[in-house]
Amino acid sequence: MSLQETMALLASIRSLGIEIRADDAREHILWRPRQMLPQELYRKLAGHRAEALALLCAHDPEVVWRVHALRMQIPPKGSIPPLQARPYLFQGARYKRCGSCGDPLTTVQQYVCLPCQHALWLALEGAGDLGGGKAATND
Ligand SMILES: [Zn+2]
């Protein structure tokens, strides 16, 4: 699901008067009132959980700085190199550390931390300016 489609999904959920956000760990999607989410939207949300979660974290300061750091490494043309939130600090894989920013990993994360995971999707989808409060446009 693209950035625009994911934004549209969240917008249609919010238009029903449902409040939707990520939990503090950036790991789960929370919404209320729980029972108001129609089955069809619930299925869409469940099917695109990672993208929706990334978007719900787009204004999170821990995600915002990572999106900016990653975006700076994406060339205007050609193939995208491996992106790291803190490339200057990083010297190869370290035990129980994020492979992108070097922060400690929690038990649910294997290679990159959740802020890096969300930031990577946002950066690659062109959502680099979402932290400023407006959606990015590529033109
Ligand atoms: Zn990280």
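## Basis and overall architecture

Two residues are in contact if their C-beta atoms, placed from the backbone, lie within 7 Å. Residues 24 or more positions apart account for 54% of the contacts in the protein with a separation of 6 or more. The structure is a predicted model, in which local features require pLDDT of at least 70 and side-chain atom pairs count only at pLDDT 80 or more, whereas totals for chains, interfaces and linings use all residues. Numbering starts from 1 along each chain as its sequence is written.

The protein has five helices and two strands, where helices (H or I, at least four residues) and strands (E, at least two) are DSSP runs numbered from the N terminus. From the N terminus on, the order of elements is α-β-β-α-α-α-α. Buried residues make up 31% of the 139 residues; a residue is buried if 20 or more other C-beta atoms lie within 10 Å of its own, exposed if 12 or fewer, and partly exposed in between.

## The largest nonpolar core

A nonpolar core is a set of buried Ala, Val, Leu, Ile, Met, Phe, Trp, Tyr and Cys residues joined through C-beta atoms within 7 Å. The largest such core contains 29 residues, and those with the most contacts inside it are Ala-52, Cys-57, Val-67, Leu-70, Cys-116, Ala-119 and Leu-122. At least two residues of this core come from each of α1 (3-14), α3 (49-56), α4 (61-71) and α5 (114-124). The greatest contribution is that of α5, with seven residues.

This core lies between domain 1 (1-56) and domain 2 (58-139), because both give residues to it; the domain bounds come from an automatic or database domain assignment. Leu-70 touches Leu-83, Ala-85, Ala-119, Leu-120 and Ala-123, leaving aside residues up to four places away in sequence.

## The enclosed helix α3

Six of the eight residues of α3 are buried, so this helix is largely enclosed by the rest of the structure. The buried residues are Glu-51, Ala-52, Leu-53, Ala-54, Leu-55 and Leu-56. Their cover includes α1, β1 (19-22), β2 (29-32), α2 (39-47) and α5.

## Backbone features in the loops

Arg-26 is located in the loop between β1 and β2. Its phi is near 65°, a positive value in a residue other than glycine. Arg-26 is partly exposed, with 18 other C-beta atoms within 10 Å.

The loop between β2 and α2 holds Pro-33. Arg-32 and Pro-33 are joined by a cis peptide bond, with omega about -5°.
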